[in-house]
Amino acid sequence: MSTELRKRVTLDNNAHRKAEAAAAEVGASLGVYASAAVEYFATRGLDPRETEAREGQLIMQQIKKLGNRVFGFMQEQERTLLTPMLEEMLRTRITLERVLRLNEILVGNLNAQLETLSEAQLQRQQQALLLLRQRNEEAVEKQVKEALEAAQKAGPGKRNKPVEPTAE
C-alpha cells in the first residue's frame, strides 16, 4: 500500500467513463490521470466547467507571451540599432550644416584673394583644387567602404565581445 494520503472523489457515470477511457488512451491509471488533470486546471487558474472561456484564456495567454516577445525584440532593436543610427544621423547633419557655413565663409575669403592673382597663378590654383577634390572623393569612398564593412561585422543580432583596453 502507498504511503501517500488518498482522498475519494465521486464522479457521475459519464465523467467516470470518459476519464477511464482517456487515462487508458495515454497509458495512465485513473488516479494518476485525474490528479494530472486537476493539477493542470489548478496551476493555470482555469475553470474546467467553462470550456470556451478556458480556450479563450489559453489563447490570450499565448497572445500576451507573443506580444511580450515582440515588444522585447523591438526594444532590443531600438537599443542596439535605431538609437545609434539616429545619433549618427544627427551628428552627420549637424556637422554638415557647420561645414557648409564654414565653406560659405571660406569661399567669400577665397574670392577676395583670387581677384588679386595673375592668370598663371589662377590656373595653378585650379589644378591644385581639382587634385584636392579627387583625393577627397577617394578618401570619402574609402571611409564609406570601411564603415559598411564594420557595420556588417557588428550588425544587428550579432553579439560583440566587450573591447578590453590594451596596455600601451
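## Lining of the largest pocket

In this predicted model, helices H1 and H2 (30-44) each supply at least two residues to the lining of the largest pocket. The greatest contribution is that of H2, with 9 residues.

The volume of this pocket is about 900 Å³. Its lining comprises 22 residues, and those closest to the centre are Leu30, Gly31, Ala34, Ser35 and Val38. By residue class, the lining of the largest pocket divides into 13 nonpolar, 6 charged and 3 polar residues.

## Helix H2

H2 is built from 15 residues. From the first C-alpha to the last, the helix reaches 21 Å, close to the 21 Å expected at 1.5 Å a residue. Gly45 follows H2 and has a positive phi, near 65 degrees.

## The aromatic pair

The structure holds 1 aromatic pair. The partners are Tyr40 and Phe41, with 5.3 Å from centre to centre and 90 degrees between the planes. The pair counts as edge-to-face, because the angle between the planes is over 60 degrees.

Is Tyr40 buried, exposed or partly exposed? Its relative accessible area is 31%, which lies between the 20% limit for buried and the 50% limit for exposed, so Tyr40 is classed as partly exposed.

Arg6 is placed in the segment before H1. The relative accessibility of Arg6 is 64%, so this residue counts as exposed, the cut-off for that class being over 50%.

How far apart are Arg6 and Gly31 in sequence and in space? In sequence, 25 residues separate Arg6 from Gly31, while the C-alpha to C-alpha distance is 9.7 Å. Gly31 is also among the lining residues closest to the centre of the largest pocket.

## Overall fold and burial

The secondary structure of the protein consists of 4 helices and 0 strands. Along the sequence the pattern reads α-α-α-α. The protein has 168 residues, of which 4% are buried.

## Confidence

The average pLDDT of the protein is 84, and 87% of the residues score at least 70. Confidence is highest in helix H1 (residues 13-26), at 93, and lowest in helix H3 (residues 51-114), at a mean of 87. Where pLDDT is low, the predicted coordinates should not be read in detail.

Key: Residues numbered from 1 in each chain as written. Predicted model: local features only at pLDDT ≥ 70, side-chain atom pairs only at ≥ 80, totals over all residues. Heavy atoms only, no water. pLDDT = per-residue confidence, 0-100. 1 Å grid on protein atoms, 1.4 Å probe; cavity = no way out; pocket = protein on both sides within 12 Å on 5 of 7 lines; lining within 4 Å. Points joined across faces, edges and corners; volume = space filled by probe spheres on them. Nonpolar A, V, L, I, M, F, W, Y, C, P; charged D, E, K, R; others polar. Phe/Tyr/Trp six-rings, centres within 6.5 Å; stacked < 30°, edge-to-face > 60°. Buried < 20%, exposed > 50% of the residue type's maximum accessible area, 1.4 Å probe, protein only. Expected span 1.5 Å × (residues − 1).
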